[in-house]
Amino acid sequence: TQLEQALRNAIIADEIDVHFQPIVKLRNDDVVGFEALARWCDANLGYVSPAIFVPLAEERGFIDALAEMLLRKAAQAALSWPKELFLSFNLSSAQLTDMSTSSRLLTIVNQVGLDPRRLELEITETAVMADADVAQKIVAEFRSAGVRVSLDDFGTGQSSLGRLRDFTFDKVKIDRAFVSGISADRASEHIVKAIVSMCEGLELEVVAEGIEHPSEALKLKSLGCGMGQGFFYGKPADAVATMRYLADRY
Ligand code: G
Ligand code: G
Ligand code: MN
Ligand code: NA
């Protein structure tokens, strides 16, 4: 198809960009890291969402090429940030069924010279479900290299609690479905409160995603949620704008 051909070309030409969205400590608004998000604007097709082109790349067998290009760019950008900031990178489901994923991505991190302890990988429950044994092994390899792993979109997938029991994660990202409107919605408030308390028991860090209003940030803080991310703190921005964002804060 036209989209597939354009995507192939964009990968070969190194034209897919990475943007960065800040993740903050809710207690004091300190930036603690950034999530890398793929961005592609094609000359003919215009803006294409990663929700479209990531699954297409998986289906057509070029997810590795895409992910390696994105991680290389993201890791290079992270080298210019203050070194205590982490880089959070999304892994797709196909990558979690392929045992070569960990060595491929660790090689890139080494080549670029990013401390693997600054890297976090976001994986979803759906991605883990395809082949839990293989996913488990891949996660273990990353963690033994010092890379941290977070469970993304928590609360929306299937058998969430089983995953937390069987897998070793470092962090849970609460899906924005529970965050938007939390200051007015009692059900979301109780759900988030329970997630935060469970994560305390499991010694997992917690990030609330999709914070758009100060009232949501306040509520999450009062529930003991450690970290937050969302348009209220910053929209995804390119590497240059991200450096400016940091310069304004440091
Ligand atoms: O940034 P945006 O809301 O458009 O992202 C849409 C979806 O695409 C989200 O689920 C996000 O996790 C995913 N996504 C964005 N960038 C990447 C990436 O680099 N790799 C993978 N696997 N998924 C990504
Ligand atoms: O699936 P994942 O959580 O990786 O997707 C992250 C996506 O959420 C990014 O594409 C980003 O653009 C989007 N996002 C980040 N913050 C907000 C927010 O405050 N509101 C909304 N609606 N989307 C957000
Ligand atoms: Mn994510
Ligand atoms: Na998410």
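Modeller: Proline 55 has its place in helix 2, where helices (H or I, at least four residues) and strands (E, at least two) are DSSP runs numbered from the N terminus. The model is a predicted one, in which local features need pLDDT of at least 70 and side-chain atom pairs count only at pLDDT 80 or more, while totals for chains, interfaces and linings use all residues. Residues are numbered from 1 along each chain as its sequence is written, and chains are lettered from A and ligands numbered from 1 in the order in which they are written.

Proline 55 is partly exposed because 14 other C-beta atoms lie within 10 Å. A residue counts as buried if 20 or more other C-beta atoms lie within 10 Å of its own, as exposed if 12 or fewer do, and as partly exposed in between, with C-beta atoms placed from the backbone. Serine 93 is 38 residues away from proline 55 along the chain, and the C-alpha atoms of the two are separated by 8.9 Å.

Helix 2 covers residues 50–60, and its axis comes within 11 Å of the axis of helix 1 (residues 2–12), the two crossing at roughly 90°. Helix 1 is therefore roughly perpendicular to helix 2. Axes here are lines fitted to C-alpha atoms, for helices over the stretch in contact, and angles run from 0 to 180 degrees between N-to-C directions. Angles under 35 degrees count as roughly parallel, over 145 as roughly antiparallel, 65 to 115 as roughly perpendicular and the rest as oblique.

Which residues in helix 1 and helix 2 meet? Leu3, Glu4 and Leu7 belong to helix 1, and they meet Phe53, Leu56, Ala57 and Arg60 of helix 2; two residues are in contact if their C-beta atoms, placed from the backbone, lie within 7 Å. By class, the residues of this contact are 5 nonpolar, no polar and 2 charged. In this scheme Ala, Val, Leu, Ile, Met, Phe, Trp, Tyr, Cys and Pro count as nonpolar, Asp, Glu, Lys and Arg as charged, and the others, Gly among them, as polar.

Around ligand 1 stand Ala36, Leu37, Ala38, Ser49, Pro50, Ala51, Val54, Leu70, Asn90, Leu91 and Ser92; a residue is near a molecule or strand if its C-beta atom, placed from the backbone, lies within 6 Å of it. The shell of ligand 1 divides into 8 nonpolar, 3 polar and no charged residues. Ligand 2 is surrounded by 14 residues, and the closest are Leu37, Gly210, Glu212, Gly230 and Phe231. Its shell has 4 nonpolar, 4 polar and 6 charged residues.

Isoleucine 211 is found in the loop between strand 8 and helix 9. Isoleucine 211 is buried, since 25 other C-beta atoms lie within 10 Å. Its contacts, leaving aside neighbours within four places in sequence, are Val179, Glu216, Ala217, Leu220, Gly228, Gln229, Gly230, Phe232 and Tyr233.

Most residues other than glycine have a negative phi. Aspartate 29, in the loop between strand 1 (17–25) and strand 2, has a positive phi near 65°. Glutamate 203, in the loop between helix 8 (186–201) and strand 8 (205–208), has a positive phi of about 55°. Aspartate 29 counts as exposed because it has 12 C-beta neighbours inside 10 Å, and glutamate 203 counts as exposed because it has 7.

Finally, the whole. The protein has 10 helices and 9 strands. Its radius of gyration is 18 Å, which agrees with the value near 18 Å for a compact globule of 250 residues; the radius is taken over C-alpha atoms, and the globule rule is 2.2 Å times the number of residues to the power 0.38. Along the principal axes, the C-alpha atoms fill a box of roughly 50 × 45 × 35 Å. Buried residues make up 38% of the 250 residues. Of the contacts with a separation of 6 or more, 66% join residues 24 or more positions apart.
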